[in-house]
Amino acid sequence: MIKVYGSKLCPDCRNTIVQFDEAGINYKFFDICTDLSLLKEFLSIRDHSTLFDQVKKNKGLGIPCIILEDGTVTLNPEDVVKTKTVSR
C-alpha cells in the first residue's frame with residue numbers, strides 16, 4: 001500500500017488526498033501533526049534521502065512525502081496518479 005506522510009493543514013497534502021481518492025488509489029495517510037511518532041518516522045525518511053536536499057535548502061518541509069509499494073520515495077503526487085491510472 002502507498003504511504004503518504006503529510007498534514008491535513010497543508011494545502012498540497014489535501015490536494016494529494018483528493019487526487020488519490022478521485023483516481024481510486026489505495027493509500028494510507030499519516031498526519032505528522034497529530035502524532036509525534038509519525039513526525040519522527042517522516043523526519044528519518046527526509047534526513048536520509050537526497051531527494052529532500054533542495055527542499056531543505058529552501059527551508060521547506062517536504063510534504064506530501066509519498067512512499068510507493070516498492071519503497072520508492074517521491075514528492076510528486078501527479079506522477080503517482082499518472083502511473084496508477086495507466087497501469088489499470
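Mentor: Welcome! A polar contact is a pair of N or O atoms within 3.5 Å; within protein, one of them must be able to donate a hydrogen and the other to accept it. Please keep in mind that this model is predicted.

Trainee: Thanks! With which side chain does the side chain of Asp35 make a polar contact?

Mentor: Start with the place: Asp35 sits in the loop between S2 and H2. Its relative accessible area is 32%, so Asp35 counts as partly exposed. At 2.6 Å, within the 3.5 Å cut-off, the partner of its side chain is the side chain of Ser37.

Trainee: Now for Asp31. How far away is the nearest side chain of opposite charge?

Mentor: Asp31 belongs to strand S2, and this residue is buried. A salt bridge needs a side-chain nitrogen of Lys or Arg within 4 Å of a carboxyl oxygen. Asp31 has no such bridge, and the nearest oppositely charged side chain, that of Lys8, lies at a distance of 5.6 Å.

Trainee: Which residue forms a salt bridge with Asp47?

Mentor: The search of the whole structure turns up one salt bridge. Asp47 is partly exposed, at 45% relative accessible area, while Arg46 is buried, at 14%. The closest N and O atoms are 3.8 Å apart, and the partner of Asp47 is Arg46.

Trainee: Let's go inside. Which element gives the largest share of the largest nonpolar core?

Mentor: This core has 22 residues, and among those with the most contacts inside it are Ile2, Val4, Phe20 and Tyr27. The elements giving two or more residues to it are the strands S1 (2-6), S2 (27-31) and S3 (65-67), along with the helices H1 (11-23), H2 (36-47) and H4 (77-86). The largest share is four residues, and it comes from H1.

Trainee: Which residues is Phe20 in contact with, leaving aside neighbours within four places in sequence?

Mentor: Phe20 is one of the residues with the most contacts inside the core. Contact here means heavy atoms within 4.5 Å. By that rule the partners of Phe20 are Ile2, Val4, Ile25, Tyr27, Ile66, Pro77, Val80 and Val81.

Trainee: How far apart in space are the C-alpha atoms of Ile67 and Ile2?

Mentor: Ile67 lies in strand S3 and, at 14% relative accessibility, counts as buried. Its contacts beyond four places in sequence include Met1, Ile2, Tyr5, Ile45 and Val73. Ile67 and Ile2 are separated by 65 residues in sequence, but C-alpha to C-alpha the distance is 5.7 Å.

Trainee: Which two residues does Asp12 touch, not counting residues up to four places away in sequence?

Mentor: Asp12 is in helix H1 and is partly exposed at 48% relative accessibility. Asp12 and Ile63 are 51 residues apart in sequence, with 7.6 Å between their C-alpha atoms. The two residues touched by Asp12 are Ile63 and Pro64.

Trainee: What kind of peptide bond joins Ile63 and Pro64?

Mentor: Pro64 is part of the loop between helix H3 (53-57) and S3. Omega for the bond joining Ile63 and Pro64 is about 5 degrees, and the bond is cis.

Trainee: One last thing: what is the phi of Lys59?

Mentor: Lys59 is in the loop between H3 and S3, and it is exposed, with a relative accessible area of 77%. Although Lys59 is not a glycine, its phi is positive, at about 65 degrees.

Note on methods
Residues numbered from 1 in each chain as written. Predicted model: local features only at pLDDT ≥ 70, side-chain atom pairs only at ≥ 80, totals over all residues. Heavy atoms only, no water. Core = buried A, V, L, I, M, F, W, Y, C linked by side-chain atoms within 4.5 Å. Buried < 20%, exposed > 50% of the residue type's maximum accessible area, 1.4 Å probe, protein only. Lys, Arg positive; Asp, Glu negative; His and termini not counted.
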